[in-house]
Amino acid sequence: MRGQVVVVVVALLAGCGDVHVTGTLGERVLRCTGTVAVWLDATSFQDQGDGSFERVERVTDATELHLEFFEPVFDPAVDFGALPAGERTALVDDISRGDQLSITVRRGEALRPGDDIASLPEQGLPPEVLPFVTSTLITLRERAVDDANYPELIARPGTEVTTSFAVDETAPSLAGTITIEVEADDDEDAALEGKLAIEFNAELLPERIGECNFDRFGQGDVDACTLVGVEAPVADAGGG
């Protein structure tokens, strides 16, 4: 693998969580220690066919734990939907200009201290209700320098990504170490490779706040911000 430099980036800020990132992709540091947002998607609204929506519990197999790590510093517990339009736009714009790491754990409701889970194995689902990592998305964003309209270089990680998550605790906060190995496919000569370790400790957000801020249509038939029925999910500028 390319990139032997070991870099540790640390953030400890009130309301933003405690995040340590060790390692690099090539020589590129993953800048995602500004804010961490964690929530469990355990419910959804279902259309009853008479103009009403009923909030129901998801079965354990369908629950998802979302972990979002961002470069900018902000309070993830603030309801984005309640912010003035200008303030919300500025915040979403700041988030969209920084690095981001997004991880989803299926069967998140069943996560327990001491678990050591990993990406979905090739042979299929783990037995019973054991949690597993369904997706890992690393987004590297470069800012333009001075008056330039575009950055000089846009870094891109390889597409072969393997993730494991060693869980230390789940309450009152979620804490553990996420290890990510990134390799380039055969036709990705310029893609970055490397190994990252993300140690973190963060309080879980209320489900509605987490979804309104970062996964607005995670409630199925209802917009998590407005609680108004929707016909189909659409892209949300504030979503991760």
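Figure 1. The model is a predicted one, in which local features need pLDDT of at least 70 and side-chain atom pairs count only at pLDDT 80 or more, whereas totals for chains, interfaces and linings use all residues. Residues are numbered from 1 along each chain as its sequence is written, and side-chain values use heavy atoms, with hydrogens and water left out. Helices (H or I, at least four residues) and strands (E, at least two) are DSSP runs numbered from the N terminus. In α2 the buried positions are Glu 207, Ile 209, Gly 210, Glu 211, Cys 212, Asn 213 and Phe 214; because seven of the eight residues of α2 are buried, the helix is largely enclosed by the rest of the structure.

Figure 2. Glu 211 belongs to helix α2 (residues 207-214) and is buried without a salt bridge, the nearest side chain of opposite charge being that of Arg 58, 5.2 Å away. A salt bridge is here a side-chain nitrogen of Lys or Arg within 4 Å of a carboxyl oxygen of Asp or Glu, and for charge Lys and Arg count as positive and Asp and Glu as negative, while His and the chain ends are not counted. When neighbours within four places in sequence are left aside, Glu 211 is in contact with Trp 39, Asp 41, Arg 216, Gly 218, Gln 219 and Ala 224. Of these partners, Arg 216 joins Asp 223 in a salt bridge with an N to O distance of 2.9 Å, and Asp 223 is itself buried, at a relative accessible area of 6%.

**Figure 3. His 66 in strand β6.** His 66 is located in strand β6 and, with a relative accessibility of 8%, counts as buried. Apart from residues up to four places away in sequence, His 66 touches Ala 37, Val 38, Trp 39, Asp 41, Ile 103, Thr 104 and Asp 215.

**Figure 4. Leu 101 in strand β7.** Leu 101 is part of strand β7 and is buried, its relative accessible area being 0%. Although Leu 101 and Leu 67 are 34 residues apart along the chain, their C-alpha atoms are separated by 8.0 Å. Beyond its neighbours within four places in sequence, Leu 101 is in contact with Leu 30, Cys 32, Leu 67, Glu 68, Phe 69, Thr 136, Leu 137, Ile 138, Ile 180 and Ile 198.

Figure 5. The whole structure holds 13 salt bridges. In one of them, Asp 61 pairs with Arg 107, the closest N and O atoms lying 2.5 Å apart. Since Asp 61 lies in the loop between β5 and β6, and Arg 107 in the loop between β7 (100-106) and β8 (116-118), the pair ties together parts that are 46 residues apart in sequence. Asp 61 counts as partly exposed at 36% relative accessibility, whereas Arg 107 counts as buried at 4%. Another salt bridge brings together the side chains of Arg 143 and Asp 94 (3.7 Å, N to O); Arg 143 lies in the loop between β9 (132-139) and β10 (160-169) and Asp 94 in helix α1 (residues 85-96), so this pair ties together parts that are 49 residues apart in sequence. Both count as partly exposed, Arg 143 at 43% relative accessibility and Asp 94 at 30%. Salt bridges with shared partners also link Arg 28, Arg 31, Glu 71, Asp 99 and Glu 142 into one network.

**Figure 6. A negative surface patch.** Glu 160, Glu 181, Glu 183, Asp 185, Asp 186, Asp 187 and Asp 189 form a negative surface patch; patches are made of residues with over 30% relative accessible area and no salt bridge, like charges being joined within 9 Å and nonpolar side chains (Val, Leu, Ile, Met, Phe, Trp, Tyr) within 5 Å.

Definitions and conventions:
Areas by Shrake-Rupley, 256 points an atom, 1.4 Å probe, with all protein chains shown as cover. Charge placed at Lys NZ, Arg CZ, Asp CG, Glu CD. Buried < 20%, exposed > 50% of the residue type's maximum accessible area, 1.4 Å probe, protein only. Contact = heavy atoms within 4.5 Å.
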